[in-house]
Number of protein chains: 2
Amino acid sequence: MSRDAEMPREHGGGPARAVVLLSGGLDSATTLALAREAGFACHAISFDYGQRHRCELAAARRVAAALGVVEHRIVSLGLGELGGSALTDEAIDVPTTPTEGIPVTYVPARNTVFLALALGWAEVLGAQDLFIGVNAVDYSGYPDCRPAFIEAFERLANVATRAGVEGRPFRLHAPLIALSKAEIIRRGTALGVDYGLTVSCYDPDAGGRACGRCDACRLRAEGFAAAGVPDPTPYKNK
Amino acid sequence: MSRDAEMPREHGGGPARAVVLLSGGLDSATTLALAREAGFACHAISFDYGQRHRCELAAARRVAAALGVVEHRIVSLGLGELGGSALTDEAIDVPTTPTEGIPVTYVPARNTVFLALALGWAEVLGAQDLFIGVNAVDYSGYPDCRPAFIEAFERLANVATRAGVEGRPFRLHAPLIALSKAEIIRRGTALGVDYGLTVSCYDPDAGGRACGRCDACRLRAEGFAAAGVPDPTPYKNK
């Protein structure tokens, strides 16, 4: 696992390629800006997985365009068909007050699935670097946002693939993993990320306006306040 | 990793549930029969990932029905959109002679992606057992069919999920991993698997008739011959 992006090596004469998971949220937008700042040619990947908040994908497109990716792919994925999360299952309500332990917004094995697909694309592209915007400080209790998960996935990637077996190892970068939300916002702001383009809310309206009440909204608003950066989030009730 | 299925524990009063990857091929059909024989309530999962040979999914449905699964889900997945394999990319020909090293029929990170989705479903179902029909003897050179891959995925599963973190660990069973094709066929035949329902060929016709020439056909035909079991495979040119 690498917390900080190392300087990329050459790829066929050009800058090295990286695959960056891009959800359309604040964390992944910052991660993309960090990967670009480190000199990678960034290939962004998003997933259309039956998430309730479709405006996430529109946000991912805006962020990819604003940060000048080489390419942005949206991969369709029947994850919602398997059920089990408030984020993909209409029968489960999104909580509006803090909960103990792992919340119902946890989508089973989501980051494992997303990274597996990103890994497959990286192998096709000849990219050895993968970026994911997970964060273990403000992580909302998700098991697949912890350093142990990142380390286990990197180990898996290097036995699961032709590239790994043939001596071109993958590096899984999680540059936000030890940062607070305020630190993430300060880093992204310094790199020119327009957070008004991003959507973090678990329960936004069709136009992408945030509820201001879910876990993700609370963490995000507290982050802007702690960073001393004006909050550009459009809210439903304001 | 478990090579042999252990006796399943109870699940809410009924038999323990297992999620079984079912491709429609000979190996996964045998794996499903072994999981059922071990006493699991089997939930089969297949993937519609843009594979050239759509008749695989019809075969998976036939096998699931014949072996009496509790449920069979086919999850759609834009894996083919990412390219890079003769099995999903029309621009890459399926080889008809043996090749050195990892062949072009390798789909980047395919088993990682499939297991990740199976893991997510297992967590939703409360299943702690996953079955995959990989085989390291006649494995055609795929990195994600080796014991090291199975072990790394099981380790990942137990840090990636709520169940793993909360002390309900997953077991990833690969009961065929050390068997020859002939041994697989003998075991399946003893359990009543009808291999005439399965499709292994990389380049079948629309009706599911096998080419008889690709790596998968060669291994399969040699397996029936070595097992001394009549080959029920329908071939195109016969």
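User: Which residues does A:Asp144 touch, not counting those up to four places away in sequence?

Analyst: Keeping in mind that this is a predicted model, A:Asp144 touches A:Arg110, A:Asn111, A:Thr112 and A:Phe149 in chain A, and B:Ala160 in chain B, once residues up to four places away in sequence are left out.

User: Where is A:Asp144 found, and is A:Asp144 buried or exposed?

Analyst: A:Asp144 is found in the loop between β6 (129-131) and α4 of chain A. It counts as buried because it has 29 C-beta neighbours inside 10 Å, where 20 or more are needed.

User: What about A:Ala109, where does that lie, and what is its phi?

Analyst: A:Ala109 lies in the loop between β5 and α3 of chain A, and it has a positive phi of about 60° although it is not a glycine. Most residues other than glycine have a negative phi. A:Ala109 also counts as buried, with 31 C-beta neighbours inside 10 Å.

User: And what is the phi of B:Ala109?

Analyst: B:Ala109 has a positive phi of about 60° as well, although it is not a glycine, and it lies in the loop between β5 (71-76) and α3 of chain B. B:Ala109 is buried, with 31 other C-beta atoms within 10 Å.

User: Why do the copies meet through the same surface?

Analyst: Because 100% of the interface residues of chain A are also interface residues in chain B, the copies meet through the same surface.

User: Back to α3(A). At what angle does its axis cross that of helix α3 of chain B?

Analyst: The axes of α3(A) and helix α3 (residues 110-125) of chain B cross at roughly 170° and come within 8 Å. That makes α3(A) roughly antiparallel to α3(B).

User: Which residues of α3(A) and α3(B) meet?

Analyst: A:Thr112, A:Val113, A:Ala116, A:Leu117, A:Leu119 and A:Gly120 in α3(A) meet B:Thr112, B:Val113, B:Ala116, B:Leu117, B:Leu119 and B:Gly120 in α3(B). The residues of this contact divide into 8 nonpolar and 4 polar, with no charged ones.

User: Changing topic, how many helices and strands are there in chain A?

Analyst: Chain A has 7 helices and 7 strands, and read along the sequence they follow the pattern β-β-β-α-β-α-β-α-β-α-α-β-α-α. Of the 238 residues of chain A, 54% count as buried. Among its contacts between residues at least 6 apart in sequence, 71% join residues at least 24 apart.

User: Which residues is A:Ala60 in contact with, leaving aside its neighbours within four places in sequence?

Analyst: A:Ala60, which is found in helix α2 (residues 55-66) of chain A, is in contact with A:Leu22, A:Ser23, A:Gly24 and A:Ser46, leaving aside neighbours within four places in sequence. A:Ala60 is buried, with 28 other C-beta atoms within 10 Å.

User: Last topic, confidence. What is the mean pLDDT of chain A, and where does pLDDT stay under 50?

Analyst: The mean pLDDT of chain A is 85, and 82% of its residues reach 70 or more. Over residues 1-5 of chain A pLDDT stays under 50, although the model has 18 contacts beyond four places in sequence for them. Where pLDDT is low, the predicted coordinates should not be read in detail. For the complex, the predictor gives an ipTM of 0.86 and a pTM of 0.87.

Conventions. Residues are numbered from 1 along each chain as its sequence is written. Chains are lettered from A and ligands numbered from 1 in the order in which they are written. This is a predicted model: local features need pLDDT of at least 70, side-chain atom pairs count only at pLDDT 80 or more; totals for chains, interfaces and linings use all residues. Helices (H or I, at least four residues) and strands (E, at least two) are DSSP runs, numbered from the N terminus. A residue is buried if 20 or more other C-beta atoms lie within 10 Å of its own, exposed if 12 or fewer, and partly exposed in between; C-beta atoms are placed from the backbone. Two residues are in contact if their C-beta atoms, placed from the backbone, lie within 7 Å. pLDDT is the predictor's confidence in each residue, from 0 to 100. Axes are lines fitted to C-alpha atoms, for helices over the stretch in contact, and angles run from 0 to 180 degrees between N-to-C directions. Angles under 35 degrees count as roughly parallel, over 145 as roughly antiparallel, 65 to 115 as roughly perpendicular and the rest as oblique. Ala, Val, Leu, Ile, Met, Phe, Trp, Tyr, Cys and Pro count as nonpolar, Asp, Glu, Lys and Arg as charged, and the others, Gly among them, as polar.
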